[in-house]
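Trainee: I would like to learn how to read charged pairs in a model. Where do we start?

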Amino acid sequence: MIWTTDREAVRGAAPETTMVDAAVRLAPFGESGPSPDVPRTVDDALRTPWPDDLLPGTGATRELWELLATLGAADLGVARAVEPHLDARAILAQAGVPDRGGRTWGVFAAEGPGVRLDAVDDGGWLLRGTKPWCSLAGVLDAALVTAHLADGGRALFAVDLHDPGVRLLDQEWASRGLTEIPSTAVAFDDVAATPVGAPGWYLERPGFWWGGIGVAACWFGGAVGIARRVHAEAARRDDPLLAMHLGAVDHRLEDARRALAEAAGLVDAHALDAAQGRLLAKRVRATVAGVCEDVLGRAAHALGPAPLALEAEHAKRVADLQVYVRQQHAERDDVSSGRALASEAAPW
């Protein structure tokens, strides 16, 4: 079972499903660290039969984000693998074509300079070109991929990553963070593809922004994992500077927790239109990203160099979070939000 905040088990969880202790919650945190039964490798996480009803906007949004935060606190690599898999399943469910085959999924929707992926209708849809930032493309079964259409629009397609036309390009993953989640460009050589939703649907659907907040839940979990190391040090020795850093870390984590909890309630209530949902996602992601950066800085000041140099788990957690949180576009997202806000009445 997957244990959550105020229920004994997620609805529909299979008996053999890996148990996850709710040590990271959007309601008050538990007192202990993650259960050893939390998947601790990407392979184990992808083999775990996650419940089919962990879908945002269906009354289980907080439950879903609690799970992602819990995984993030244990290992951000695991969370980084599970989040797009669950997001892909949610997208397919929204499109009315839920996946029942037990396949592992990714979502490849990034664009990049100098590369382009086109969808060609040749009596059946084919993908032709190159897609950047395709995480785990070499180990997943399938992916949802955005591609350009001849009329200038974009559409979403499901593809089988075992197709012989799928070719990973030789691109070194030099990062010291998320080393088990290499992201590389992938060439698609006339790969058969199945449309998912109408053209433009992927970006226009409300769930696009809900998925973005799910990523922030993973970041939050990573920050909690680092904060636990600060807590352990402050509990071990009486040092006023350690106590100061721990207090600051606590109230920043509470800022992130409250933002995620409020957003989960709004998503499940369907209380926002598309523009409001976009703004909510940008606000929550900016809040959580800022908290993560503050926690990283506070932990570095509180703990000094020794844990970074001598503790593999802590050093990995820091490197993972530094890379992962850069999915937040920082000042560029602030510009986007500011322009949208300036075109309307003041929201405060």
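Mentor: Start with the term. A salt bridge is a side-chain nitrogen of Lys or Arg within 4 Å of a carboxyl oxygen of Asp or Glu. Side chains of opposite charge can pair when their charged atoms come close. Here, Asp75 and Lys316 form such a bridge, with their closest N and O atoms 3.1 Å apart. Asp75 sits in the loop between α2 (61-74) and α3 (76-94), and Lys316 in helix α9 (residues 312-324), so the pair ties together parts that are 241 residues apart in sequence.

Trainee: What should I know about the model and its numbering?

Mentor: This is a predicted model: local features need pLDDT of at least 70, side-chain atom pairs count only at pLDDT 80 or more, and totals for chains, interfaces and linings use all residues. Residues are numbered from 1 along each chain as its sequence is written, and side-chain values use heavy atoms, with hydrogens and water left out.

Trainee: How are the helices and strands assigned, and how many are there?

Mentor: They are DSSP runs, numbered from the N terminus: helices are H or I with at least four residues, strands are E with at least two. The protein has 10 helices and eight strands.

Trainee: Is Asp75 buried or exposed?

Mentor: Buried means under 20% relative accessible area, exposed over 50%, partly exposed in between (1.4 Å probe, protein chains only). Asp75 is at 11%, so it counts as buried. Lys316 is partly exposed at 26%. Across the protein, 49% of the 348 residues count as buried.

Trainee: How many salt bridges does a search of the whole structure find?

Mentor: The search finds 27. Take Asp190 and Arg128, whose closest N and O atoms are 2.6 Å apart. Asp190 lies in strand β7 (residues 183-192) and Arg128 in strand β3 (residues 125-135), 62 residues apart. Asp190 is partly exposed at 39% relative accessibility. Arg128 is also partly exposed, at 39%.

Trainee: Which partner does Arg252 meet in a salt bridge?

Mentor: Arg252 pairs with Asp294, at 2.7 Å from N to O. That links helix α6 (residues 240-269) to helix α7 (residues 274-303), with the two residues 42 apart. Arg252 is buried at 19%, whereas Asp294 is partly exposed at 36%. Bridges can also share partners: Arg229, Glu233, Arg236, Arg237, Asp239 and Glu311 are joined into one network that way.

Trainee: Back to α9. How do I check its length, and what covers its buried residues?

Mentor: Compare its reach with the expected span, which is 1.5 Å times one less than the number of residues. α9 has 13 residues and reaches 18 Å from first C-alpha to last, close to the expected 18 Å. Its buried residues are His314, Arg317, Val318, Ala319, Asp320, Leu321 and Tyr324.

Trainee: Which residues touch the most other members of the largest nonpolar core?

Mentor: In soluble globular proteins, nonpolar side chains tend to be buried together. A nonpolar core is a set of buried Ala, Val, Leu, Ile, Met, Phe, Trp, Tyr and Cys residues joined through side-chain atoms within 4.5 Å. The largest one has 81 residues, and Trp65, Leu127 and Trp219 touch the most other members. α5 gives the most to this core, with 14 residues. Another core lies apart from it, with 11 residues, among them Trp105, Leu144, Leu156 and Ala158.
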